[in-house]
Amino acid sequence: MGNDQLFKKRDKKENYGRKNKNLSPKSRILIVCEGKTEVFYIDDLIKDFSIDKKVIYLIVSKDATEGNDPDKSDRSKPNGSDLQSLIKYAEDNKEKFDYIFCVCDKDAWGGQAFISVIKQAEGSGIRMIVSEPCFEYWILLHFEYTTEGFQRMPGEKYSDRVISSIKKHISSYEKGNRSQDIYKQLKGKMENAIKNSKMSFEGAKNDSKINTKTNFHDLIEFLRDLVSKKC
């Protein structure tokens with residue numbers, strides 16, 4: 001089963017922005033991420049949406065922690081930034097949270113192995129937000145729609161080619177730099193990113209040759225739904 005089949009199967013699951021009937025001021029949200037850039041972006045997004053005033057939330061990676069969880073300073077962090085470490089951390093903490101997301105990259109994972117890990121996580125109630133090849137693709141979609149393969153050269157990281165494209169729009173972009181306030185730089189282009197993200201997701205379902213895609217828009221729609229809740 002190819003990676004496009006994974007996207008077809010996941011499309012049949014619930015829309016993440018519609019299954020929040022039990023939201024209350026005591027709701028708790030856990031978002032585990034592979035990298036610091038994702039943690040900083042999502043934290044600024046939640047604050048901008050004023051969700052931090054409605055729910056308890058924790059965003060965590062191996063190297064960064066944000067959120068208003070009163071226990072966050074006492075909580076451990078994932079033992080690694082690899083996907084299996086993140087999923088284990090989420091599974092170990094799932095009884096403490098009402099909604100759990102894992103924001104991850106496809107990058108070096110092989111097709112069937114990746115599908116198996118994703119299915120395991122979703123079977124545990126973890127909502128998977130996957131970008132291929134990396135989170136920076138979501139950032140790039142704020143400026144342009146592309147299904148370029150971003151094939152890396154020897155010695156390059158999976159994100160290097162995507163970052164080169166981002167720098168055509170934000171010349172000072174630096175991965176994992178909190179001080180650059182990447183969310184604030186991008187927020188005015190969010191609707192464009194959502195539109196392009198959905199296009200990439202649909203394109204991957206319909207064309208197995210497309211291997212550049214993300215469903216980060218699912219997390220945005222979930223958070224927007226929280227904004228609309230009167231709790």
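Visitor: What is meant by a cavity in this predicted model?

Guide: The model is a predicted one. On a 1 Å grid over the protein atoms alone, a cavity is a set of points where a 1.4 Å probe fits but cannot get out.

Visitor: How many cavities of 30 Å³ or more does a search of the whole structure find?

Guide: The search covers the whole structure and uses a cut-off of 30 Å³ or more. The largest cavity has a volume of about 60 Å³. The number found by the search is one.

Visitor: Which helix gives the most to the lining of the largest cavity?

Guide: The lining includes T37, F40, Y41 and D44, as well as I182 and Y183. Helices α2 (36-48) and α7 (182-186) each supply at least two residues of this lining. With four residues, the helix that gives the most is α2.

Visitor: In which sense does β2 pair with strand β3?

Guide: Strand β2 pairs with β1 (residues 28-33) in the parallel sense over five bridges, and L30 stands opposite L58. With β3 (residues 65-67), β2 forms a hairpin with four residues between the two strands, and V60 has T65 as its bridge partner. Over three bridges, the sense of the β2 and β3 pairing is antiparallel.

Technical notes:
Residues are numbered from 1 along each chain as its sequence is written. This is a predicted model: local features need pLDDT of at least 70, side-chain atom pairs count only at pLDDT 80 or more; totals for chains, interfaces and linings use all residues. Side-chain values use heavy atoms; hydrogens and water are left out. On a 1 Å grid over the protein atoms alone, a cavity is a set of points where a 1.4 Å probe fits but cannot get out, and a pocket is an open set with protein on both sides within 12 Å along at least five of seven lines; lining residues have an atom within 4 Å of a point. Grid points are joined across faces, edges and corners, and a volume is the space filled by probe spheres set on the points. Two strands pair if DSSP finds at least two bridges between them.
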